Amino acid sequence: NKLALNSIELKGQLYVNQSLDHFDRQEARTFQQRYFVNDTFWKGSENNGPVFLCVGGEGPPMDRTVLTNSVHCSDMVELASQVGALMFALEHRYYGLSNPFGKDFSTANLQWLNTEQALGDLAHFISTMNEQYHLEKNNRWVTWGGSYPGMLAALTRLRYPHLVHAAVSSSAPLQASVNMPGYNNVVAHSMSAKDVGGSAECLAVIAEGHKAIGELLKSDVGRRELEKKFNICVPRSLDNEKNQEAFAGDGVVYLPVQSNDPACTTANCNIASICQTLTASEDALKNPVDQLAALSAAMSGGTCSPVNYDSTVSFWASSSNPDRSWLYQTCTEWGFY
């Protein structure tokens, strides 16, 4: 068996054995962390080829395409063929199939979900692969990632410079921030970017529409108007301030700027198609709220919008909900709200 003792294959997938806690010697439990490998361009350690590591994060989930044509680390995959790199991708603890406690995401079990433990996972993984693939010092490791995985890519280089030679850290908000308006500033820039189908008019409709919605939420008549325009399921839902926050604070409509796909073909699936919908009317800027409401209706397929803060809390409270992992991690470490 060419696999090292602490790297195993289960159901056709590779896993590395990780410590639940890298910093507490009294905690002896371990878990299996999934990883992927692509050695298509690798010519052996003796040729001094680099080793590329795609760092996993909160999502989307990894699968076998992660090192061929997925949204994860696509720049890394394209470059690997040019430099003869050995490629790995390591799934983040508590995400995908790498949860130490199976399908139990209770708060007590999430206490080992943090960035420092994830960095410990990366360091152990690199050391394990060095042994398993007989890698030498000249086979230099480069970590890759975007957004939170980009943060991890950079921090791994910072924490373990003896293991990682360089990091490519894209769009990585390394400074923790509870309130992060800068994110929405980037969203605004994206919606106005002509090279991806955005426009100044599109951004103006979004900005003016949200401004008008803010004013309508201040009055009883305005709230009833919004409930009708946006097909809110339960009458008078917007009288509750928390429901107002759930409705307007999340942006009223979904704008897929973080995962914009210029090649998608379904309706309102990217910046270009959304901007086409928002600016289709000749007087779009005169009725920006109506334009946002029309986009919301098109995205929902005609179903009503369940604006309910308490239901949202109940959804996140369920210990069987895997989405709790990222909420827990942002609550306890990073913010970004």
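**Figure 1. The largest cavity in the predicted model.** About 40 Å³ of space lies in the largest cavity. The model is predicted. The count of cavities of 30 Å³ or more comes to 1. Q33, V55, G56, L90, E91, H92, R93, A118, D121, L122 and L152 form the lining of the largest cavity. By class, this lining has 5 nonpolar, 3 polar and 3 charged residues. Helix α2 contributes the most to the lining of the largest cavity, namely 3 residues.

**Figure 2. L119 in helix α2.** L119 sits in helix α2, which runs over residues 115-132. Its relative accessible area is 0%, so L119 counts as buried. In sequence, L119 and L152 are 33 residues apart. In space, their C-alpha atoms are 6.9 Å apart. L152 also belongs to the lining of the largest cavity.

**Figure 3. The second largest pocket.** The volume of the second largest pocket is about 330 Å³. It is lined by 17 residues, and those closest to its centre are E58, G59, P61, Y95 and G96. The lining of the second largest pocket divides into 9 nonpolar, 4 polar and 4 charged residues.

**Figure 4. R324, a buried arginine without a salt bridge.** R324 is in helix α11, which covers residues 324-334. R324 is buried, yet has no salt bridge. The nearest side chain of opposite charge is D104, 6.9 Å away. The R324 side chain instead reaches a backbone oxygen, that of F105, at 2.6 Å.

**Figure 5. The E116–R159 salt bridge.** E116 and R159 form a salt bridge, with their closest N and O atoms 2.6 Å apart. This pair links distant parts of the chain, 43 residues apart. E116 lies in helix α2, and R159 lies in helix α3, residues 148-159. E116 has a relative accessible area of 32% and is therefore partly exposed. R159 is also partly exposed, at 38%.

**Figure 6. The E215–K218 salt bridge.** The side chains of E215 and K218 meet in a salt bridge at 3.1 Å, N to O. E215 is partly exposed, with a relative accessible area of 49%. K218 is exposed, with a relative accessible area of 62%.

Figure 7. R236 forms a salt bridge with D220, and the closest N and O atoms are 2.7 Å apart. The two residues are 16 residues apart and link distant parts of the chain. D220 is in helix α6 (220-229), while R236 is in the loop between α6 and α7 (241-248). R236 counts as partly exposed, at 45% relative accessibility. D220 is partly exposed too, with a relative accessible area of 36%. A network of salt bridges links D220, R223, R224, E227, R236 and D239.

**Figure 8. The protein chain as a whole, for context.** The chain has 337 residues, and 43% of them count as buried. Its secondary structure comes to 11 helices and 7 strands. The C-alpha trace spans about 70 × 45 × 35 Å along its principal axes. The salt bridges come to 13.

Key. Residues are numbered from 1 along each chain as its sequence is written. This is a predicted model: local features need pLDDT of at least 70, side-chain atom pairs count only at pLDDT 80 or more; totals for chains, interfaces and linings use all residues. Side-chain values use heavy atoms; hydrogens and water are left out. On a 1 Å grid over the protein atoms alone, a cavity is a set of points where a 1.4 Å probe fits but cannot get out, and a pocket is an open set with protein on both sides within 12 Å along at least five of seven lines; lining residues have an atom within 4 Å of a point. Grid points are joined across faces, edges and corners, and a volume is the space filled by probe spheres set on the points. Ala, Val, Leu, Ile, Met, Phe, Trp, Tyr, Cys and Pro count as nonpolar, Asp, Glu, Lys and Arg as charged, and the others, Gly among them, as polar. Helices (H or I, at least four residues) and strands (E, at least two) are DSSP runs, numbered from the N terminus. Buried means under 20% relative accessible area, exposed over 50%, partly exposed in between (1.4 Å probe, protein chains only). Lys and Arg count as positive and Asp and Glu as negative; His and the chain ends are not counted. A salt bridge is a side-chain nitrogen of Lys or Arg within 4 Å of a carboxyl oxygen of Asp or Glu. A polar contact is a pair of N or O atoms within 3.5 Å; within protein, one must be able to donate a hydrogen and the other to accept it, and residues adjacent in sequence count only if both atoms are side-chain atoms.
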